[in-house]
Every structure is written in structure tokens, then in C-alpha cells.
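Dear colleague,

Please read them alongside the coordinates.

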Amino acid sequence: MLYDNLNVNEKGHLTIGGMDAADLASEHGTPLYVMDEDVLRKNCRTYVNAMHESFGEGSAPLYASKALSFKGIYPIVESEGMCIDVVSPGEIYTALAAGFPPEKMFFHGTNKTDEDIEYGVSSGIGFFVVDNHNELEVLDNAAGRAGIKQKVLLRLTVGLDPHTLEAINTGKVDSQFGVPIDTGQADEFVRAALSSSNISVEGFHSHVGSQIFESESFNRQAEILIEYAARMNKEYGFKLRALNIGGGLGVRYTDRDPLLDIPGRIAEIAEHLKAACSRCGVEMPVVYMEPGRSIAANAGVTLYTAGGTKEVRGYRNYVTIDGGMTDNPRFALYRSEYTVLNASRMTGSADYECTIAGRCCESGDRIAEDVKITKPERGDIIAVLTTGAYNYSMASNYNRIPRPAMIMISDGQARTVVKRESYEDLIKNEL
């Protein structure tokens, strides 16, 4: 099995955290997001412990809210010792509603509006991750009106290509994110920030991409940022106190993806970072990372009910489900691969090659192509693994389809954390 919280019971059904997937579907309906809280907490602890050990006290992981944001996740990540990164007022509002401390929030975003910035300042956000000159100017003025000195990290691009999918590659020079070092524009950015009256420049932020399994790009990123900090210290007297090296460590969607030793990878990054600090005469900063996918993804499974099979002779077989791109658009967007199981017939022969097709009136509505599962009958439960990240958070109401419920399981108990949308919910804001 792809993850160790998944198993098969005496009925031949898939179990998630010891709970029968078919029973969960029967009780809560489908489509259904199932999150395993024990896996979430284990993933949080892996990062917290590894970062404390490798980078020292004060360093911490920031849970990347964009991966999965709902009220129930914030008490979990806070209790496990994590800060959070947020990319919109909506994420800030959700986290505040859950009681998450604003001083432990890092506010990202390429185009924070004037209203976004005012909301962040008035909410008491701990750090703004400033993306560009325009934002810097507006934030400086907003902080001045509030009578505060706002802590910031300056987002820089380091010119690295981590060989990840183009759509999730954010570290190269030609990017909408941050200010590039290679063109000399970062120097102007740093100078402007240091001269701002109401801004405290604590350090830098950089993010090279997502779903990365190799180590070279992270190691080189750390070296580039330390070398740059040393130059900024020499030229402008800048002292690096904090360094956010982003997220992006990969997760296993299929058994073809490699196993990743996260503590080992963090230790390797720390080794390169410390060596660069020693070589460049830079005091070791507090270090932050931003795991999102690698916290939430493998904690999630989405359950669907099969509508049946359709066999197009000489071409392909289709299995239709009662969800699709409305609850998981990643295949339509990125051709993302998934592991798919017939949760109702786990002891059968998984030799039926098929495409998993969604219910939308859209030819691109697919969850997976050319996967092999036990041939389903109408009413069987289909499980798609590793759906905790970028599924609920990217869901839509296309074709006027209500978004699914989400349940959280732990210690043999299931509780609803997001109610299933009703048809009334679809029109509640319409006049």
C-alpha cells in the first residue's frame, strides 16, 4: 500500500486509519474528502523536530495554507508548534476565526491590494513577505498610519530551475514572483526597503518550486541567499536575521515516486547553509520553511461512488464517478498522476485498465488515465489517494455541483469538519 495508514479489512474493503472506507462513504455520502488527523500531526512533527535539530531553536516550519485551508486545520498545526503562511485575506480571516495567533502568520502574495495590506496590518500579521516595490511603498505608508514598524521578508528569485513542472516552477529569473538577484533589481529592492521609515527588514524569502525530490536546488538556493546577504551587509549594512527558503519537497502520488527522507533532506540543506554562513562571515539566521503539500497531501483520500463502466471497443474503458474536476482539478490543470483503488473490492485482481471520468459536461473532466483497478460495479466506492493538498482548496462549483463534505478521522472516530454544500448554498449570494 502507498501509505502505512491504509490497509484492507476482513470484508476486503480499504481502511483509512483503521476505518472502513465503504462505511464512511455510506454514512457521510460521496464525494467525500477524508483526512487522517494522525497523519497530519505526524507530518507536522517530522518538520518541527527536524528543523529544531538541524537549524536550532527559533527556526520553524510554516504551514502553507494554500494547500488546504479550513478552520479545523489551524488548531492542529498550532498545537504541533508550526507557524503559517497565508496568501489572501480569506486565509487570514479563516485562520483568525480558528483562533490562530496573527503574530505567527506570514502574509504572501504577488498582488496584495491596498485593502489586503490594510487588513493585514490591522490584523497584527507577524511578517509580510513583500513581493515588489509597489507593495513595499503601500505597506510602509499603512504601517506608518498604524504607528508600527512592520517586520518583512523580501521575496527574491535566485535564478534556479529545479526541473519541476513548469506551472509550479517559481525560482527562475523570469517569474511573476519576487525580484530577481541576477538582473541587479534585488539590490534596488533591498536599498528601498532599508530606507523605508516604517519597515523592519528581517531577511529574505525565496521559493524555487514544488514537488521537488532532488536536493541540489535547495542547497544551491541556500548558498546564493547567504552570499547575497553578505554582499548586502557589506554594501548597505544589512544584517540577515531570518531566512525563509520556501517549501516544495515532493510527496508520493504513485509508487513510481521516490520515498523522501525529509529529516535527512533538511539536515543536508542545513549543512550547506551553515557552511555558506561560515564562508561568508554571516551569523546563522533563524530559518523558516513552508511545507504545505508534504503536510496535507498524504493525509487525504477522496471517496467517490462509481456510476459504472463504459467500454469503447478498440480504444479505452471508462469508469464514471460522482465527482471529478470540481473537487479535484489537478489532472485537468497539470495532468497530475494519482493512485486509484476500488475500495469495495481490494482483494480482487486489479487488472482492469481504465480512465476515471468525472461527472461534469467537460471532455477534460478526468481524475486519472490508464490506471488499473479491480473492475467496479455500479455503487462501488472508488478511492483516490494523496488528495489532502490542492483538492478542497481548489474546488469549484462548475456545472453547479456542490462541493463535498470533509471528515477528519482519528483513533477510530470520524467527525465532520466541513459540511457538504447544499443547492441552497449555490444561490445564497444571488439576488
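Axes here are lines fitted to C-alpha atoms, for helices over the stretch in contact, and angles run from 0 to 180 degrees between N-to-C directions. Helices (H or I, at least four residues) and strands (E, at least two) are DSSP runs, numbered from the N terminus. The model is a predicted one, in which local features need pLDDT of at least 70 and side-chain atom pairs count only at pLDDT 80 or more, while totals for chains, interfaces and linings use all residues. Residues are numbered from 1 along each chain as its sequence is written, and side-chain values use heavy atoms, with hydrogens and water left out.

To begin with the helices, the axes of α4 (residues 89-97) and α5 (residues 114-123) come within 10 Å and cross at roughly 25 degrees. That angle makes α4 roughly parallel to α5 (angles under 35 degrees count as roughly parallel, over 145 as roughly antiparallel, 65 to 115 as roughly perpendicular and the rest as oblique). In the contact (heavy atoms within 4.5 Å), Pro89, Ile92, Tyr93 and Leu96 of α4 meet Asp116, Tyr119 and Ser123 of α5.

Helices α7 (residues 185-194) and α8 (residues 216-236), by contrast, pack at an angle of about 55 degrees with their axes 11 Å apart, which makes α7 oblique to α8. Here Ala186, Asp187, Val190, Arg191 and Leu194 in α7 meet Tyr228, Arg231, Met232, Glu235 and Tyr236 in α8.

Turning to the strands, where two strands pair if DSSP finds at least two bridges between them, there is an open sheet of three strands in the order β1-β2-β3, with antiparallel pairing. Its edge strands are β1 (6-8) and β3 (19-20), each of which pairs on one side only. Three bridges join β1 to β2 (residues 14-16), and Asn7 has Thr15 in β2 as its bridge partner.

Elsewhere, β17 (residues 352-357) and β18 (residues 366-373) run antiparallel and are joined by five bridges, with Cys354 opposite Val371 in β18. Strand β18 is mostly covered, since six of its eight residues are buried (under 20% relative accessible area, with exposed over 50% and partly exposed in between, for a 1.4 Å probe and protein chains only).

Finally, Leu259, in the loop between β12 (242-244) and α9 (262-280), counts as exposed because its relative accessibility is 73%. Leu259 and Phe213 lie 46 residues apart in sequence and 8.7 Å apart in space, C-alpha to C-alpha.

With best regards
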